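Reader: I'd like to learn how to read a fold feature by feature. Could you show me the structure and take me through it?

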Amino acid sequence: MIDDATFVLPNPGLWSNSVGPFERNNLRFVPLWNNHGEIFCYSTSIKKLRLSLFHSEIRLDNSFHKFAHGNNSDDFTRSEIIETIETLNEITGLNWWNSNVKKIEYGCNLMDLGIDSIISSLISYKSRYYVPMIGHSKQYGTKCFMTDFSLKLYNKTLETWLHEKLRIKDGISRWEIS
């Protein structure tokens, strides 16, 4: 399943000279300012996705899975990914099929593994140590940072409760590479 992603398109001249919010395709873009008092981008959100308009590029990021399902704890199939991108094309008026994928996170849900004992047994991968993933003072997983990617194994049921206060099916674990 595909979860967190960043898609980037060249900006086809959509930059606004407005110092305030503006609308495009029924989306309200608000300016974001840097420390020098200059607008560095305009941003809007579409059902948990962030669409950012910079001088040179347009960036769409966050969880495509949450956009489509409202959560990211269940399966997200290839056909749903295609449908999601088509929907985003319609909403934004942009062709995301032509974008560069700058980041993508692939995950696999695993059922009833006894995940806590596996998490505590992971020490390192290729001489890189796993570090705890902690939410609200409770460890729910472990992550290994590599140069170009990271590996995560975590208790998805616990993570969803800790971060979103949502109860999902017990026994879901997730292995991710991003």
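Reader: How many bridges pair S10 and S11, and in which sense?

Author: Start with the rule: two strands count as paired if DSSP finds at least two bridges between them. The elements themselves are DSSP runs numbered from the N terminus, with helices (H or I) of at least four residues and strands (E) of at least two. Here S10 and S11 pair in the antiparallel sense over five bridges. Gly-141 has Tyr-154 in S11 as its bridge partner, and a hairpin of four residues joins S10 to S11. Before we go on: this is a predicted model, where local features need pLDDT of at least 70 and side-chain atom pairs count only at pLDDT 80 or more, while totals for chains, interfaces and linings use all residues. Residues are numbered from 1 along each chain as its sequence is written, and side-chain values use heavy atoms, leaving out hydrogens and water.

Reader: Let's move to S1. Is S1 mostly covered or uncovered?

Author: "Buried" means under 20% relative accessible area, "exposed" over 50%, and "partly exposed" in between, with a 1.4 Å probe and protein chains only. In S1, seven of the nine residues are buried, so the strand is mostly covered. S1 pairs antiparallel with S7 (residues 100-111) over five bridges and with S6 over seven bridges, again antiparallel. Val-8 shows both sides: Asn-100 is its bridge partner in S7, and Arg-59 stands opposite it in S6.

Reader: What about Asp-4, buried or exposed?

Author: Asp-4, in strand S1, counts as buried because its relative accessible area is 17%. For contacts, look for heavy atoms within 4.5 Å. Leaving aside residues up to four places away in sequence, Asp-4 touches Asn-62, Ser-63, Lys-103, Ile-104 and Glu-105.

Reader: Which residues touch the most other members of the largest nonpolar core?

Author: The general idea is that nonpolar side chains tend to be buried together in soluble globular proteins. A nonpolar core is a set of buried Ala, Val, Leu, Ile, Met, Phe, Trp, Tyr and Cys residues joined through side-chain atoms within 4.5 Å. The largest one has 22 residues, and Phe-7, Phe-29, Leu-51, Leu-60, Phe-64, Leu-88 and Trp-96 touch the most other members. Elements giving two or more residues to this core include S1, S3 (27-33), helix H1 (64-69) and helix H2 (78-92). Apart from it lies another core, of five residues, among them Met-133 and Tyr-140.

Reader: Last one: how many cavities of 30 Å³ or more are there, and what lines the largest?

Author: On a 1 Å grid over the protein atoms alone, a cavity is a set of points where a 1.4 Å probe fits but cannot get out, and lining residues have an atom within 4 Å of a point. Points are joined across faces, edges and corners, and the volume is the space filled by probe spheres set on them. The search finds one cavity of 30 Å³ or more, and the largest cavity has a volume of about 60 Å³. Its lining includes Leu-14, Arg-24, Phe-29 and Thr-92, and S3 and S5 each supply at least two residues.

Technical notes. On a 1 Å grid over the protein atoms alone, a cavity is a set of points where a 1.4 Å probe fits but cannot get out, and a pocket is an open set with protein on both sides within 12 Å along at least five of seven lines; lining residues have an atom within 4 Å of a point.
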